[in-house]
Amino acid sequence: MTEKHHIINMHVDNEPGVLTRVTGLIRREGWNIIDLTVAETADPSRSRLTVGVMCAVGFLPHVLNRLGKMTCVRDIGVCAPEQCRELGVVSIHDAKEGDRAAIESIASRFGARLLRDGGSETRYELTGPLGEVDAFLAALGSYGRVRVARSGAVALVEREGSDSHAEEG
């Protein structure tokens, strides 16, 4: 059966153990978690949890149903990749002096913002659609030792019946 990267977005209770319960269910279903982002919303009693998983296409409704039945999950939906963004902080170490202009050109092409330029390290911040951080890393691959910290997928998803002018948590 063909596997696909699915991005699940949910509001959960902001309390100890919720992340463990949600990821435990995903693990029991045999899915691989690709990325995971969680943070408190405007309502401090709720958090937005976005999880990217690899699973067989036909299993998505089953697991959404199981996750939706958890008492800590307040609402749940699936995000299309074009609804998502990702943040990457990319550090290039030990680049040759002659490569500096090429690195700056690549960063400019991707819209990366310079965070630090000193000594043997140059650091950029890049926010963009899914895949953009990967493409930036690939473009920088031959210019020194590259390190990255990334957020994983984040998205705001309209829910049926939601009040579009107020954060629901």
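1. The model is a predicted one, in which local features need pLDDT of at least 70 and side-chain atom pairs count only at pLDDT 80 or more, while totals for chains, interfaces and linings use all residues. Residues are numbered from 1 along each chain as its sequence is written, and side-chain values use heavy atoms, with hydrogens and water left out.

2. Now look at α1 itself, which covers residues 18–28. Helices here are DSSP runs of H or I with at least four residues, strands are runs of E with at least two, and both are numbered from the N terminus. The buried residues of α1 are V18, V22, T23, G24, L25 and I26. "Buried" means under 20% relative accessible area, "exposed" means over 50%, and "partly exposed" is in between, using a 1.4 Å probe and protein chains only. What do the buried residues of α1 pack against? Their partners are the strands β1 (3–13), β2 (32–40), β3 (46–56) and β4 (73–79), together with helix α2 (60–68).

3. Stepping back to the whole chain, you can find 4 helices and 8 strands. Read from the N terminus, the elements run β-α-β-β-α-β-β-α-β-β-α-β. The C-alpha trace spans about 55 × 40 × 30 Å along its principal axes.

4. How much of the chain is buried? Of its 169 residues, 39% count as buried. The chain exposes about 9,400 Å², and carbon and sulfur atoms supply 50% of that area. Accessible areas come from the Shrake-Rupley method with a 1.4 Å probe, and for residues only the protein chains shown count as cover.

5. Contacts deserve a point of their own. A contact means heavy atoms within 4.5 Å. Among the contacts in the chain with a separation of 6 or more, 73% are between residues 24 or more positions apart.

6. Next, a pair of helices. Two packed helices are described by the angle between their axes and the distance between the axes. The axes of α3 (residues 100–110) and α4 (residues 132–140) come within 10 Å and cross at roughly 165°. Axes are lines fitted to C-alpha atoms, for helices over the stretch in contact, and angles run from 0 to 180 degrees between N-to-C directions. The two helices are therefore roughly antiparallel to each other. For that wording, angles over 145 degrees count as roughly antiparallel, under 35 as roughly parallel, 65 to 115 as roughly perpendicular and the rest as oblique.

7. Which residues meet where α3 and α4 touch? I103, I106, A107, R109 and F110 in α3 meet E132, A135, F136, A139 and L140 in α4. By class, this contact has 8 nonpolar, no polar and 2 charged residues. Ala, Val, Leu, Ile, Met, Phe, Trp, Tyr, Cys and Pro count as nonpolar, Asp, Glu, Lys and Arg as charged, and the others, Gly among them, as polar.

8. G88 lies in β5 and is buried, with a relative accessible area of 0%. Leaving aside neighbours within four places in sequence, G88 is in contact with Y124, E125, L126, V133, A149 and R150. S91 is also found in β5, and at 4% relative accessibility S91 counts as buried. With the neighbours within four places set aside, the contacts of S91 are E121, T122, R123, R145, V146 and R147. The C-alpha atoms of S91 and A149 are separated by 8.8 Å, although these residues are 58 apart along the chain.

9. Apart from neighbours within four places in sequence, T2 is in contact with C55, A56 and V57.
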